[in-house]
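Look at the structure below and follow the text through it one place at a time.

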Amino acid sequence: MNDRTSAPGRLLHAPEHLLTREQLAAAPDARRGFLRRAFATASAAMLAGAAKAESAVGDPNILELPQHSLALGQPVALEGYGKPSRFEANLQRRQSPGLTQTRQASVSFAPLQGLFGIVTPSGLHFERHHQGWWDIDPSKHRLMINGSDEQMLKRPMVFTMDELMRLPSVSRFHFIECGANTGMEWGNVAVPTVQYTHGMLSCSEFTGVRLIDVLEMCGMDAKRARFVLAEGADGSSMTRTIPIKLVKSGDVLLAYGQNGEMLRPENGYPLRLVVPGVQGVSWVKYLRRIEVGDEPYATKDEDVHYVDLMPDGQHRQYSSVQEVKSVVTTPSGGQVLLDKGFYAISGLAWSGRGRIRRVDVSVDGGRNWQPAQLQSPVMDRCLTRFTLPWTWDGKPALVMSRATDETGQIQPTNAQLRTVRGKRSIYHNNSIQTWLVQESGEVKNVQVA
Ligand SMILES: Nc1nc2c(c(=O)[nH]1)N[C@H]1C(S)=C(S)[C@@H](COP(=O)(O)O)O[C@H]1N2
Ligand SMILES: [Mo]
């Protein structure tokens with residue numbers, strides 16, 4: 001089953017990969033000349049071309065010296081910001097075919113199927129705006145820190161960005177996941193690719209000042225303080241309650257840096273809250289105010305939105321930790337396996353409660369499980385990359401992954417999750433995802449028990 005010596009299978013990353021179907025059809029075929037049925041529709045001319053190029057002998061890509069080996073290359077840019085290769089232009093954030101398209105108040109999904117390792121390039125980080133994004137002038141941005149009364153915080157202060165950025169900072173890798181990620185799968189299979197099932201998920205190195213340090217500077221009453229309120233400067237008036245316990249642990253950051261540079265405007269430039277392990281909505285962007293208080297604030301974004309409708313008709317509130325979850329990104333929905341043979345199954349695992357301890361992978365719909373390899377680094381409340389070598393025999397396969405975190409929490413099946421949560425939720429779906437590899441090689445989003 002895990003025979004790495006078998007011929008490598010080729011993978012078509014539809015619809016966002018560098019090779020088109022046509023280019024692949026024209027490429028030398030794998031050793032057995034095994035043409036997937038997916039290509040039955042390819043034109044006769046193309047098939048003839050593929051047959052001619054069957055072996056590397058006579059390959060013009062080797063025999064004819066290309067221009068880039070003969071002439072001077074491009075000069076270095078005198079100035080400017082680097083961009084990806086033009087051949088990578090299809091790898092983009094995209095709006096889901098399963099959601100109503102609106103201009104400002106919406107979401108675009110990260111192309112998880114095309115990413116390596118654990119860090120999301122900032123230009124591909126998912127976006128979620130309740131009222132559109134802004135590119136705020138950092139010289140005019142202010143952060144106010146106040147208490148619910150004068151004793152709660154003795155020295156209320158207003159910080160400029162310069163003042164904040166002079167303070168000692170930390171840099172940490174964390175994932176951010178919207179509580180609504182995978183939400184469309186509650187009822188049934190809703191969207192075709194992992195970009196749309198799981199792409200409200202990204203992971204960055206964030207740099208900023210620990211919120212606790214600033215609150216201590218301001219003279220917070222550590223005995224009375226129980227919650228903080230975080231407020232954004234955009235028109236959505238995003239406001240969220242964060243328990244002081246999380247803040248006191250030193251994990252909550254006033255972040256201005258993302259992957260070595262300033263935050264992108266879409267991600268909250270110039271300042272956002274980083275609340276590791278907690279759903280994205282609490283990571284308030286364009287952060288302009290923190291208030292310290294002794295009771296939860298019950299704002300619109302925690303009363304009306306981001307509540308979970310339970311089977312008994314009651315709503316569950318403040319369910320903010322993102323529970324243990326994982327997904328296979330290769331092979332995943334929309335891709336096509338072009339050959340039988342070796343594939344490296346690969347995916348991402350994460351938990352809002354700590355590190356990932358293990359990931360098991362099944363290729364038979366959950367009857368048998370094998371432990372996947374976790375790639376280092378494995379970090380606290382961060383994405384973890386896992387892999388498992390697999391030889392596809394050309395028969396239908398149901399590919400799944402199941403993560404366990406360091407607290408012992410195990411990712412539930414759809415049936416297990418629904419027993420507790422019903423089917424009418426939007427948020428916090430962390431159930432096991434299944435991809436069906438069909439005989440044709442085409443991969444489909446399906447749900448099994
Ligand atoms: N000020 C402000 N903060 C916000 C939002 C917003 O609309 N305005 N959206 C929230 C939601 S619902 C999520 S999931 C994350 C998304 O962060 P991102 O756009 O950087 O991916 O930001 C959160 N913080
Ligand atoms: Mo969100």
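A polar side-chain atom of asparagine 267 lies 2.8 Å from an oxygen atom of ligand 1. This is a polar contact, meaning a pair of N or O atoms within 3.5 Å; within protein, one must be able to donate a hydrogen and the other to accept it, and residues adjacent in sequence count only if both atoms are side-chain atoms. Taken alone, ligand 1 exposes 530 Å², and the protein buries 100% of that. Such accessible areas come from the Shrake-Rupley method with a 1.4 Å probe, and for residues only the protein chains shown count as cover.

The model is predicted: local features need pLDDT of at least 70, side-chain atom pairs count only at pLDDT 80 or more, and totals for chains, interfaces and linings use all residues. Residues are numbered from 1 along each chain as its sequence is written, chains are lettered from A and ligands numbered from 1 in the order in which they are written, and side-chain values use heavy atoms, with hydrogens and water left out.

For histidine 125, a polar side-chain atom is 3.3 Å from an oxygen atom of ligand 1. For arginine 128, a backbone N or O atom is 2.9 Å from an oxygen atom of ligand 1.

Which residues come nearest to ligand 1? They are Phe126, His130, Asp234, Asn267 and Lys285, out of 22 residues around ligand 1; a residue is near if one of its heavy atoms lies within 4 Å of the molecule. By class, this shell has 9 nonpolar, 7 polar and 6 charged residues. Here Ala, Val, Leu, Ile, Met, Phe, Trp, Tyr, Cys and Pro count as nonpolar, Asp, Glu, Lys and Arg as charged, and the others, Gly among them, as polar.

Next come residues described by their place in the chain. Glutamine 195 is in helix H6, residues 194–198; helices (H or I, at least four residues) and strands (E, at least two) are DSSP runs, numbered from the N terminus. Glutamine 195 counts as buried because its relative accessible area is 0%; buried means under 20%, exposed over 50%, and partly exposed in between, with a 1.4 Å probe and protein chains only. Its side chain makes a polar contact of 3.2 Å with the side chain of glutamine 113.

Valine 446 belongs to strand S25, residues 443–446, and is buried at 16% relative accessible area. The C-alpha atoms of valine 446 and glutamine 433 are 8.0 Å from each other, with the two residues 13 apart along the chain.

The backbone also deserves a look. Most residues other than glycine have a negative phi, and most peptide bonds are trans. The peptide bond from tyrosine 269 to proline 270 is cis, with omega near 10°, and proline 270 lies in the loop between strands S11 (261–262) and S12 (272–274). A cis bond also links threonine 330 to proline 331, with omega near 0°.

Tyrosine 306 is not a glycine, yet has a positive phi of about 60°. This tyrosine 306 sits in the loop between helix H9 (300–303) and strand S14 (308–309) and is buried at 4% relative accessibility. Histidine 428 likewise has a positive phi, near 60°, and is buried with a relative accessible area of 9%.
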